[in-house]
Amino acid sequence: MIGDGAGDTGIDPDGHIVADETETVGGDDEVFADLLAFVEDELAFATSHYNNSYLDRRVSSRMRRTQCETYGAYFEKLRTEPAEQEALLEALSINVTGFFRNPDVWSGIRSVLRTLSKNGPPVRIWSAACADGREPYSIAMLARDDPEIDGSNVYVLGTDISTPALETAQAGVYEESRTVDLDEQLSFLGEYRQYVDVDGRTYRITDDVKRNVRFRRHDLINDEPKSGFDLVICRNLFIYIDNEYKRPMLETIARSLRTDGYLVIGKAETIPPTLQSSFAVREARLRIYQRER
Ligand SMILES: C[S@@+](CC[C@H](N)C(=O)[O-])C[C@H]1O[C@@H](n2cnc3c(N)ncnc32)[C@H](O)[C@@H]1O
């Protein structure tokens, strides 16, 4: 069994302990390591950046789907079947997101936006690891909706490592499904239909909201920091990342913030001890921090 101290359970991006997909199928650690090396070298997915329990859960889930009982059997399938290579890459990409995900955190973000707006325009925000764009659009919609925030002067940059996710983000068109209730997500704002055109199950972000949101590809591990942001929101990525890489990612973020700029991380995430002195805690429960001088 592969483990990193997390046992057989995992933690989902909302911070819940999950057991269904998390039970690993088992097998030989060496074969598992070879399998990961194959995924990294041949399929160009940087497995070394992620923690082992996360990787094991995703691989085990594919093993169950394909009825492979050992890592060896699954590795053979993976090596020889391009369709399975694609399926595993899809399973490994962590793109769960939503509009106004964790609504209590968004009440905290609202307070931060009000404070920043009072300091005067423009307000510059970076939604790092923004997946399909619902997080940066939530920021832009909230800024337009709140009478205490000057929404037209709030500029949001959304970045992610995934090009397909960014293509969806750029289009700003989302489909409701059996499992995704967009109306419920957007209901954080009372009258959200001023910002989203709804046609049956299709939700289109209006041009007015899109005007203040830009998207670019950015890899938080390998790319350069940015600069001068008033607020960086980077949620639900660190939980999947190997400890060794959390620190460089947070350093990139810290350097991208102006002094006194705010940081929001995921509710199940923490700042590594060595970086804690760089941030003052503003709302511990909501994981809202402020960069120290
Ligand atoms: C679970 S989603 C989080 C989306 C959003 N922040 C939220 O909380 O709803 C994690 C995102 O991190 C992205 N990601 C993974 N590795 C990354 C990296 N090294 N740099 C930037 N983004 C990365 C994934 O493509 C995915 O879209």
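Predicted model: local features only at pLDDT ≥ 70, side-chain atom pairs only at ≥ 80, totals over all residues.
## Domains and annotation

The stretch of residues 29-292 is the one that an unreviewed UniProt entry annotates as "domain: CheR-type methyltransferase". A division into domains gives two parts, with domain 1 running over residues 10-92 and domain 2 over residues 103-291. When the centres of domain 1 and domain 2 are taken over C-alpha atoms, 29 Å separate them.

## Surroundings of the ligand

There are 19 residues around the ligand, and those that come nearest are Ile94, Thr97, Arg101, Asp160 and Asn236. Sorted by class, the shell around the ligand is made up of 10 nonpolar, 4 polar and 5 charged residues.

Particular atom pairs can be picked out in the structure above. Threonine 97 has a polar side-chain atom that lies 2.6 Å from an oxygen atom of the ligand, while alanine 129 has a polar backbone atom that is 2.9 Å from a nitrogen atom of the ligand. For leucine 220, a backbone N or O atom lies 2.9 Å from a nitrogen atom of the ligand. Of the 600 Å² of accessible area that the ligand has on its own, the protein covers 97%.

## Backbone angles in the loops

Most residues other than glycine have a negative phi, and most peptide bonds are trans. With this in mind, a few places in the loops deserve a careful look. Phenylalanine 100, which is not a glycine, has a positive phi near 45°, and its place is in the loop between α4 (82-92) and α5. Arginine 287 is likewise not a glycine and has a positive phi of about 60°; this arginine is found in the loop between β11 (279-283) and β12 (288-291).

Where the chain passes from proline 121 to proline 122, the peptide bond is cis, with omega near -10°. Proline 122 itself belongs to the loop between α5 (103-118) and β3.

## Buried or exposed?

Is phenylalanine 100 buried or exposed? Phenylalanine 100 has a relative accessible area of 3%, and therefore it counts as buried, since buried means under 20% relative accessible area. Arginine 287 has a relative accessible area of 19%, so arginine 287 is buried too.

Cysteine 130 sits in the loop between β3 (123-128) and α6 (134-145), and because its relative accessibility is 1%, this cysteine counts as buried.

Cysteine 130 and glutamate 269 are 139 residues apart along the chain, and their C-alpha atoms are separated by 16 Å. Serine 53 and threonine 80 are 27 residues apart along the chain, and in their case the C-alpha atoms are separated by 25 Å.

Note on methods: Residues numbered from 1 in each chain as written. Heavy atoms only, no water. Near = heavy atom within 4 Å. Polar contact = N/O pair within 3.5 Å; in protein donor to acceptor, adjacent residues only side chain to side chain. Areas by Shrake-Rupley, 256 points an atom, 1.4 Å probe, with all protein chains shown as cover. Nonpolar A, V, L, I, M, F, W, Y, C, P; charged D, E, K, R; others polar. Domains from an automatic or database assignment. UniProt positions renumbered as here; feature names shortened; annotations may be inferred. Helix = DSSP H or I, 4+ residues; strand = E, 2+ residues; numbered from the N terminus. Buried < 20%, exposed > 50% of the residue type's maximum accessible area, 1.4 Å probe, protein only.
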